[in-house]
Amino acid sequence: AVVVDNKTVVHSTFNDIWVKVDGKWLINTANETISPSDAKNPNLRELDWAVGSWIEKGEGVEVKTTCRWTLDGAFLIRNFNAVMNGQNVFRGNQIIGWDPAKKCLRSWTFDSDGGFSEGTWTRDNATRWSIASAGVMADGRRVTSKQILEHPDNDTVLFRQVSREAEGQLLPSIPAVKAERQQAE
């Protein structure tokens, strides 16, 4: 970031997609992403690899995820959308930031059913993160879990959930699913 006339100027990339509807060109999607070098906290820059668009495909289910910097570079925002048989079945948003009081990365996740959770991120090694999460489902049940994110390379993420509980009842683990980076078109 550069300071000009007491204002911070942030370097960014702007992309938009236009569609022609009834003979008129309209903006369908607009997205602005700041440069990772403009992240305000070096600890958050450890997640640079996550910025971009990702897709995971399973049996009849497809999950698309995008991750981008906020305009001020203080947070990352992840949006996810699960589609089954062409229908949206589950969506959500996650905000990831540095907690200066606890000296760790934290996240806040909100889903389309009305549930939400808070997570604390721990770096296990150069390519693996563990996220201890606690939250509430839309029906009021309290839930906890541990998510594990591994990125063996810049274009692959393996995600799994273990130690899942709802109101103290152990739930089955979610085996690893593979997400692949989508190249810009």
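Over which residues does pLDDT stay under 50? That stretch is residues 1-9, and there the model has 10 contacts beyond four places in sequence. Keep in mind that this is a predicted model. The mean pLDDT of the chain is 85, with 85% of its residues at 70 or more. Here is a quick tour of the rest.

**Overall make-up**
- You will find 15 strands and 0 helices in the chain.
- The chain has 185 residues, and 30% of them are buried.
- Among contacts with a separation of 6 or more, 27% link residues 24 or more positions apart.

**The largest nonpolar core**
- This core holds 17 residues, and those touching the most other members are Leu44, Leu47, Leu76, Trp121 and Trp129.
- Two or more core residues come from strand S6 (61-69), and two or more also come from strand S11 (128-136).

**Strand pairing around S15**
- Strand S5 (residues 52-57) runs antiparallel to strand S15 (residues 174-182), and 3 bridges join the two.
- Within that pairing, Trp54 has Arg181 of S15 as its bridge partner.
- S15 also pairs with strand S13 (residues 156-166), again in the antiparallel sense, over 5 bridges.
- On this side, Thr156 stands opposite Glu180 in S15.

Definitions and conventions:
Residues are numbered from 1 along each chain as its sequence is written. This is a predicted model: local features need pLDDT of at least 70, side-chain atom pairs count only at pLDDT 80 or more; totals for chains, interfaces and linings use all residues. Side-chain values use heavy atoms; hydrogens and water are left out. Helices (H or I, at least four residues) and strands (E, at least two) are DSSP runs, numbered from the N terminus. Buried means under 20% relative accessible area, exposed over 50%, partly exposed in between (1.4 Å probe, protein chains only). Contact means heavy atoms within 4.5 Å. A nonpolar core is a set of buried Ala, Val, Leu, Ile, Met, Phe, Trp, Tyr and Cys residues joined through side-chain atoms within 4.5 Å. pLDDT is the predictor's confidence in each residue, from 0 to 100. Two strands pair if DSSP finds at least two bridges between them.
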